[in-house]
Amino acid sequence: MNNHKKMSDPYSTACCAGNLHGGPIDADTLLATPLPPVRWLIPGLLPAGLSLLAGASKAGKSWLCLWLCLRLAQGGSVWNRPVQPQTVLYLCLEDTLARVQARLFRLADLTVPSRLYFQTQCGGIGAGLELQIGRFLGQHPETGLVVIDTLQKVRTAQPNTGAYAADYQDMTALKALADRHNIGLLLVHHLRKQGAADPFQQISGSNGLMGAADTIWLLQRPRMSDTARLLVTGRDMDSCTLHLQAEDCVWRLLEEESAEEQAEKAIPAYLRQAAEFVRRAGCWQGTATELLAAAGITGVQPTQFARKLAEHYYPVFAAQGIRYESRRTAAARQMRFWCDGNDDDDSADLVSHIPQTSSSPSSLSQGGAEMSPGNEHGLCVAKRQPFAAAGDAAGTGSAPNPRSRVGAEEQLPIGQLLAHRPNPLCPGEGTA
């Protein structure tokens with residue numbers, strides 16, 4: 001009778017299909033089988049599974065963990081997110097009970113939750129840790145979170161094993177424990193002293209640590225500062241950044257940014273200023289130095305501008321229908337922009353970097369006719385007249401007509417795909 005009930009349960013059906021035990025499951029059965037959703041301990045920030053909290057030494061990680069344990073055991077809210085009361089086990093392996101008590105006096109109200117448990121000693125991974133946690137979960141099946149502070153305290157030496165293999169093996173064992181009981185297992189870890197372009201590459205150890213974890217929290221706090229950033233990323237969530245401030249030993253939320261908002265903030269303001277200048281002009285040609293002068297942009301190096309232009313071209317220029325191509329000449333790299341707002345072709349393939357075809361000094365031509373040399377503010381392609389500085393009458397008048405004729409040459413087919421028209425910088429060549 002009990003076996004029949006287990007077989008009729010959707011979750012058990014999936015188990016019997018083999019997938020949850022590592023065996024294959026066909027797509028039709030998977031799509032037809034209801035599976036439980038992700039269990040969120042903190043909605044949008046901390047799901048069940050294996051999580052890693054990394055930060056520099058003495059950055060406030062243990063204070064953060066203790067406060068989170070209190071909030072989850074009490075229920076209420078964490079950083080404007082509702083949380084349900086649940087049993088929490090905090091393995092504070094670098095502390096004494098006296099230190100934990102002193103911190104509780106500072107963090108807790110007159111009453112403390114009975115669902116919060118502490119332990120200062122335990123076995124290592126594969127040496128009793130899993131058995132001890134499993135025994136606690138058997139006694140407290142309502143447990144939602146287990147914190148191990150720190151990861152290194154439960155790791156055992158593995159001779160003749162590479163760093164990546166050892167890291168991944170330990171993390172896999174802990175992840176299996178978390179997944180088997182559908183709990184959150186939060187590991188506290190340190191950062192290496194060397195900096196890195198990617199903040200997550202500062203996590204001490206190999207990529208096996210981050211690769212095996214479901215969720216990563218990275219606490220960035222300047223030394224002696226009361227503010228910090230918490231970078232959050234994971235398999236079950238959108239990446240975000242929390243701006244925190246330490247107040248009475250509690251990390252309080254100041255601001256939260258989504259990944260899209262972070263990407264938007266990463267775009268320099270001078271790129272939008274340059275795009276607005278080109279949009280008003282209709283089309284423009286010259287060097288990066290000339291463009292900066294024409295648009296009235298100061299304090300930016302031409303090479304810096306060119307690199308940021310390549311990095312953020314699509315969200316800034318292409319989004320406004322501004323096309324761009326460039327070519328390296330013997331003198332400098334020439335840039336050319338034009339707008340195609342009246343074009344019916346909405347192709348996103350807007351950029352063409354044209355290889356150098358001649359080592360002679362640049363004499364840019366359109367259909368074989370030599371173009372005007374311009375001045376320090378670049379050249380208006382449509383009018384074939386030098387630009388005035390930003391704010392001058394010549395530079396702020398009506399935008400040139402991109403379809404005007406250039407001398408006796410054929411009308412410039414602005415608005416067509418680069419691959420469908422002659423290359424204006426290299427006569428006789430296409431831009432495909």
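First, the ground rules. This is a predicted model, where local features need pLDDT of at least 70, side-chain atom pairs count only at pLDDT 80 or more, and totals for chains, interfaces and linings use all residues. Residues are numbered from 1 along each chain as its sequence is written, and side-chain values use heavy atoms, with hydrogens and water left out.

Stop 1: Select 269-281, which is α10 (helices are DSSP runs of H or I with at least four residues, strands are runs of E with at least two, both numbered from the N terminus). α10 has 13 residues and reaches 19 Å from its first C-alpha to its last, close to the expected 18 Å (1.5 Å times one less than its number of residues). Now show side chains for Tyr-270, Leu-271, Ala-274, Ala-275, Phe-277, Val-278 and Ala-281, the buried residues of α10 (buried is under 20% relative accessible area, exposed over 50%, partly exposed in between, with a 1.4 Å probe and protein chains only). Look down the axis of α10: these buried residues fall within an arc of 160°, so they line one face of the helix (the arc is that of the directions from the helix axis to the C-beta atoms). What covers them includes β14 (283-286), α11 (288-294), α12 (302-316), β15 (322-328) and β16 (333-339). Step off the end of α10 to Gly-282, whose phi is positive, near 95°.

**Stop 2: a loop residue.** Pick Gln-202, in the loop between β9 (184-190) and α8 (207-212). Gln-202 is buried, at 16% relative accessible area. Leaving aside residues up to four places away in sequence, Gln-202 is in contact with Leu-191, Arg-192, Gln-194, Gly-195, Ala-196 and Gln-220 (contact is heavy atoms within 4.5 Å).

**Stop 3: salt bridges.** How many salt bridges does the structure hold? There are 16 (each a side-chain nitrogen of Lys or Arg within 4 Å of a carboxyl oxygen of Asp or Glu). Zoom in on Arg-336 and Glu-325, whose side chains meet at 3.2 Å, N to O. Arg-336 lies in strand β16 and Glu-325 in strand β15, so the pair ties together parts that are 11 residues apart in sequence. Arg-336 is buried at 1%, and Glu-325 is buried at 0%.

Finish by selecting Lys-175, Asp-179, Asp-214 and Arg-235, which are linked in a network of salt bridges.
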